[in-house]
Amino acid sequence: MALDTVGIATNSPDTQQPWRELGLKEDEYQRIREILNRRPTSSELAMYSVMWSEHCSYKSSKVHLRQFGEKAPKSDALLVGIGENAGVVDVGQGYAVTFKVESHNHPSFIEPYQGAATGVGGIVRDILTMGARPVAILDPLRFGPADAPDTKRVLPGVIAGIGGYGNCIGVPTVGGEVIFDKSYLGNPLVNALCVGVMKHEDIKLAKASGAGNLVVLFGAKTGGDGIGGVSVLASETFSEKKPTKRPAVQVGDPFTEKVLIECSLEIFKEDLVVGIQDLGGAGLSCATSELASAGTGGMRIELDRVPLRDANLSPEEILMSESQERMCAIVPPAKIDRFLEICEKWDVVATVIGEVTSGEHLEITWHGELIVDVPPRTVAHDGPVYNRPYKRPENQGDLCADAAENLPRPSSEAELAETILKIISSPNMADKTWITEQYDKYVQGNTVAAGPSDAAVIRIDEESFLGVAVATDCNGRFCKLDPYQGTQLALAEAFRNVAVTGAKPLAITNCLNFGSPEDPGVMWQFAESVRALADGALEMGLPVTGGNVSFYNQTGDVAIVPTPVIGILGVIDDVRKAISYKFTGAKELILLGETLEELSGGEWADGCGHLGGVPPRVNLQKEIVLADFIHAQRDYIAAAHDLSDGGLAVALIEMLLQSKTGATVSIHGDPFMHLFSESSGRILIAVSSEDSNYVVGKAADAGITTTRLGKSGGENLEISGVLSLSMLHLQEANQRTIPALFNA
Amino acid sequence: MRVGVVTFPGTLDDHDAARAVKYAGGEPVSLWHGDTDLKDVAGVILPGGFSYGDYLRCGAIARFSPIMSSIIPAAENGLPVLGICNGFQVLCESHLLPGALTRNVGLHFLCRDQEIEIVNTQSAWSGDFTRGQRITIPLKNGEGSYQCDDKTLQELEENNQVIARYVGINPNGSRNAIAGITNKQGNVVGIMPHPEHAIDALTGPSAAGLAFFTSLVRARV
């Protein structure tokens, strides 16, 4: 194909262009023509198509996401908010922490290993770009049924990909979730969260300012991988008829990323850049247009200077390539020599590809010919905005009326024991060591707690023992039954998971995984979910620092259960005081919070193959009271564990298995209901006998309902007058499931 | 006492190894792969990671780095060298230690708290242990299965060159459950699990790994 220049485009308005194939709608293409007052060149078309894709432009979600700004609580902790690569919060002692979660769902379905690996690589670069050292990775994952043949293809590849990348870049993988549900069979969710730490003065922004400053591309060379990944892959529903799109998945090289991390941190330390942006989705199109539009707008790029792995790439392909492990920096001319010297030390290829200009256009040339001449804001920020119709699905009422509370329940000792064993060995509740053992949780030497803990706890200062706690959560079934309540339950659970460590929750991030926004029912789920999160954040006084939206998670007409994964970051003043759910010696077991008859959407109902009813109630104020209580009484609490999936039965057994002991407990009332209800706002704590009266008294003072369950000890779980199960038996049931399913 | 910690591109546990030296009372000195100067250190640690991306074979490229061209003759002349994980692989590739590390029998990367038994307390890096002492330290690798021919294995056993063995289930298929070995002189030690991640019970399974570092630092104060 001959080079399509601005001059040619101006003189050939009638040339047919493949806007449809690039994922643009007709009116979107017309808008581009209006903006430019001519047809776009093929390179411009490539840029607009990737930047205006759902993945990059948030065109369907924008009108809803605005609530995060409009309803934002006043927060002194927020240093950098939504809009940058990742939000940044102040954690004290001059430290700032950045965290963000992103999805890599579609690529991970097509090519599990590389999809998951590059998902990790991408989020780590987002965090690095803020000026931070990446210190932890968490992976919220969702797969189809554990025994489905395709899950056996996808899960081992995803786990190996996360490990293969994370382990090689020296960032510990310390938590996340692994959940199975039939709705994810054709659409697994691979989300990755990264946490980074820096000093306040080291915060970097993606901004190209100062005419004459140089634009430097550094890191890996540009190849043909991932071309069109954004527009074609992330914005289209999988259909069985179309040919496979394997070449659109990027391939990662963690070694290059590790070197890039160290090289970048050394560059930041010497304060050599005025702005920086990583190259992720939409590659150079995104980096140049975003950097330019955040500055004064003017930038000139000589695209032929980009170092290539494949010399045959066309300028359009170079602009769209999603080759991994690349960064783009804005460097003052006086500092370029030192910049290049550091890159050379780390054997990182660095090339000056252009400069910031005093104009207002992003101009890109190819061997001297002008091929792009656009106002960068129109590419990066002024994409289409859709007010998509949304409507509560008609069958939602029937779904909510079909409550799990009406299902026949186990009642005899044998039935209850069998139910416990079934839940504790179900793929969702089973021990996930087979998975977490494939992740390096120790590297960097600051891991105080890692999965299967409620939250990951990371030390950030070796002298003062300041640290952070991070957790992610979401029960998609709750969100299916009621997206508003389900989202607030996810928020409450993530909050509680951080709080049980004794940390103070500080900020929220999210990864909103939904079906097609073109389906009004899905759009209703999304709108409700965003409204719930914005309301919840305001009520809890926590800023939403950023997030990610992943639409089109569906196969044919069937969408996944709505899965707004919520991540909470907390600060802990002294990680030596962090509470885990493992205790030693004999302890009294006390339940904090109230148990109501709430079974719909829970693990027990799921085990019965049932999904219906309304999810548990949520009371965010009570969550705050609980969190404050745990923090205040942490010196008296030997262990604490959040109650969520599987209710008291699962939380109690997990705590006892971790602590290698049995227990004798009494349950007053319907044992089934108390064991399996998934009421929110509950925490199981273990306390020394001599402290128990004090702790119970303090809880009562705080208005928290307490139930003294019993004492640890022995080799069995004895529920007085109800049942007795050997811990060995429970352990075996809990541990055998995942290896039996996935050991090749 | 100055103890060098080498950083290759792709090294991951250098910061942790330096911290361990500090906890042991020594002074960590950073050594760069591209340099040849050993900076008057009294011992060297080759930390864990994926040097040069583990391309070709684990440790195969690192062995030819400028810093190794100084370390290899110094080790042959008695300089204490501890290779951990990837460092162990580099020592085998450099022929400072016999044998090789191959893919784990389970074919997965494995990160777990591993009990090991200290067999040899005569080396430069294991003097602070008692013979038969059992400690739990992190094991984390994909290629940690120690392999050698029968003759080498017999020599290792006869010469008391096995530093430590895995207790319980052999996690990676190493011959004779070998977790670490030393050369005949006892100055060069390679170990697959990570003592530098077990120097403080706050961030590791125990603090028992610290004795590897105190063994060197205290003996030479």
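The model is predicted: local features need pLDDT of at least 70, side-chain atom pairs count only at pLDDT 80 or more, and totals for chains, interfaces and linings use all residues. Residues are numbered from 1 along each chain as its sequence is written, while chains are lettered from A and ligands numbered from 1 in the order in which they are written.

**Chain A overall**
- Chain A holds 26 helices and 28 strands. These are DSSP runs, numbered from the N terminus (helices: H or I, at least four residues; strands: E, at least two).
- Along the principal axes, the C-alpha atoms of chain A fill a box of roughly 85 × 55 × 50 Å.
- Buried residues make up 62% of the 744 in chain A. Buried means 20 or more other C-beta atoms within 10 Å of the residue's own, with C-beta atoms placed from the backbone.
- Of the contacts in chain A with a separation of 6 or more, 85% link residues 24 or more positions apart. A contact needs C-beta atoms, placed from the backbone, within 7 Å.

**Contact with chain B**
- Chain A gives 24 residues and chain B gives 22 residues.
- On the chain A side, α8 (149-169), α10 (254-269) and β14 (447-449) each supply at least two residues.

**Helix α19**
- Helix α19 (residues 483-499) of chain A has 17 residues and spans 24 Å from first C-alpha to last, close to the 24 Å expected at 1.5 Å a residue. The expected span is 1.5 Å times one less than the number of residues.
- α19(A) is mostly covered, with 17 of its 17 residues buried.

**Seven-stranded sheet**
- An open sheet of chain A has seven strands in the order β23-β25-β22-β26-β24-β27-β28, with mixed pairing. Strands pair if DSSP finds at least two bridges between them.
- β23 (639-642) and β28 (723-726) of chain A are the edge strands, each pairing on one side only.
- Strands β22 (residues 588-592) and β26 (residues 706-712) of chain A run antiparallel, joined by five bridges.
- A:L592 has A:T706 in β26(A) as its bridge partner.

Note on methods:
Buried ≥ 20, exposed ≤ 12 C-beta atoms within 10 Å, placed from the backbone. Contact = placed C-beta atoms within 7 Å.
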